[in-house]
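Me: I have a chain on my screen and would like to talk it through with you. Could we go step by step, from the overall fold down to single side chains?

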Amino acid sequence: MTKLQSHGREPFETVDRAPEAQAEGFATVRQAHESEMAEDYVELIAELIETRGEARPVEIAERLGVKPPTVTKNISRLKAAGLVRREPYRAIFLTDSGQELAEACRQRHRIVVAFLCSLGIDEETAERDAEGIEHHVSETTLVAFGQALKQSWKHE
């Protein structure tokens with residue numbers, strides 16, 4: 001790594017990475033952004049079904065802080081992807097694939113929240129931060145978070 005001065009600001013550390021590796025990193029982030037919507041929706045739908053017995057578009061809109069037409073558009077995308085099923089004027093249900101994705105997201109979310117809390121982050125902040133981190137964390141990093149948590153629990 002080398003440090004470059006930037007007009008009196010904090011030095012910028014460069015990392016010697018091959019252009020292909022850097023491009024792959026950016027592509028991974030773009031892919032994570034594309035799947036964020038689906039993951040947020042299926043996770044919320046699963047939560048609503050579990051706590052209220054059904055997931056209605058108006059509740060999804062309220063919880064995500066978006067307008068009902070946005071929910072309608074995104075539910076159509078999820079239906080086309082085989083993650084949800086819906087009958088006109090009825091609640092939304094997860095397909096088996098949607099349920100599997102929701103469970104994976106929930107597990108990833110729990111690990112990230114627990115890891116952040118283990119660092120001393122308060123639960124409210126950890127929950128909020130996990131909403132973004134969980135979509136971008138690699139499986140390798142997630143496993144490392146889990147191992148670090150197991151180690152910290154052993155030493156308590």
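Reply: Gladly! This is a predicted model, and its chain has six helices and four strands. Along the sequence these elements run in the order β-β-α-α-α-β-β-α-α-α.

Me: Thanks! Of the 156 residues of the chain, what percentage count as buried?
Reply: A residue counts as buried when its relative accessible area is under 20%. Applied to the 156 residues of the chain, that cut-off gives a buried share of 30%.

Me: And among contacts between residues at least 6 apart in sequence, what share join residues at least 24 apart?
Reply: Contact here means heavy atoms within 4.5 Å. Taking the pairs at least 6 apart in sequence, the share that join residues at least 24 apart is 48%.

Me: Let's look at helix α3. What should its 13 residues span, and how far apart are its end C-alpha atoms?
Reply: Helix α3 covers residues 68-80, and at 1.5 Å a residue its 13 residues should span 18 Å. The expected span uses one less than the number of residues. The end C-alpha atoms agree with that expectation, as they are 18 Å apart.

Me: Which residues of α3 are buried, and what arc do they cover around the axis?
Reply: The buried residues in α3 are Val71, Asn74, Ile75 and Leu78. They lie on the same side of α3, because the arc they cover around the axis is only 110°. An α-helix has 3.6 residues a turn, so residues three or four places apart point the same way.

Me: How does α2 compare: which of its residues are buried, and what follows it?
Reply: In α2, the buried residues are Pro57, Glu59, Ile60 and Ala61. This helix is followed by a residue with a positive phi, near 70°, namely Gly65.

Me: Now to charges. Glu36 is buried, so which side chain of opposite charge is nearest, and how far away is it?
Reply: Glu36 sits in helix α1, residues 19-52. A salt bridge needs a side-chain nitrogen of Lys or Arg within 4 Å of a carboxyl oxygen. Glu36 has no salt bridge, and the nearest side chain of opposite charge is Arg108, at 9.5 Å.

Me: Then which side chain makes a polar contact with that of Glu36?
Reply: Leaving out residues up to four places away in sequence, Glu36 touches His135 and His136. A polar contact of 3.3 Å joins the side chain of Glu36 to that of His136.

Me: How many salt bridges does the structure hold, and how far apart are the closest N and O atoms of Arg63 and Glu47?
Reply: The structure holds eight salt bridges. One of them pairs Arg63 with Glu47, linking helix α2 (residues 57-64) to helix α1 across 16 residues. Arg63 counts as partly exposed because its relative accessibility is 39%, and Glu47 is partly exposed too, at 37%. The closest N and O atoms of Arg63 and Glu47 are 3.2 Å apart.

Me: For the salt bridge of Arg106 and Glu50, how many residues apart are the partners, and is each buried or exposed?
Reply: The closest N and O atoms of Arg106 and Glu50 are 3.0 Å apart. The pair links Arg106 in helix α4 (residues 96-118) with Glu50 in helix α1, 56 residues apart. With a relative accessible area of 14%, Arg106 is buried, while Glu50, at 58%, is exposed.

Me: Which residues are linked in a network of salt bridges?
Reply: Arg56 and Glu59 meet in a salt bridge of 3.7 Å, N to O. Arg56 counts as partly exposed at 35% relative accessibility, whereas Glu59 counts as buried at 10%. The network of salt bridges links Arg52, Glu54, Arg56 and Glu59.

Me: Last one: which residues does Phe93 contact, leaving aside neighbours within four places in sequence?
Reply: Phe93 lies in strand β4, residues 92-94, and counts as partly exposed at 23% relative accessibility. Its C-alpha atom is 7.9 Å from that of Ile49, 44 residues apart along the chain. Apart from those sequence neighbours, Phe93 is in contact with Ile49, Leu83, Val84 and Arg85.

Key: Residues are numbered from 1 along each chain as its sequence is written. This is a predicted model: local features need pLDDT of at least 70, side-chain atom pairs count only at pLDDT 80 or more; totals for chains, interfaces and linings use all residues. Side-chain values use heavy atoms; hydrogens and water are left out. Helices (H or I, at least four residues) and strands (E, at least two) are DSSP runs, numbered from the N terminus. Buried means under 20% relative accessible area, exposed over 50%, partly exposed in between (1.4 Å probe, protein chains only). The arc is that of the directions from the helix axis to the C-beta atoms. Lys and Arg count as positive and Asp and Glu as negative; His and the chain ends are not counted. A polar contact is a pair of N or O atoms within 3.5 Å; within protein, one must be able to donate a hydrogen and the other to accept it, and residues adjacent in sequence count only if both atoms are side-chain atoms.
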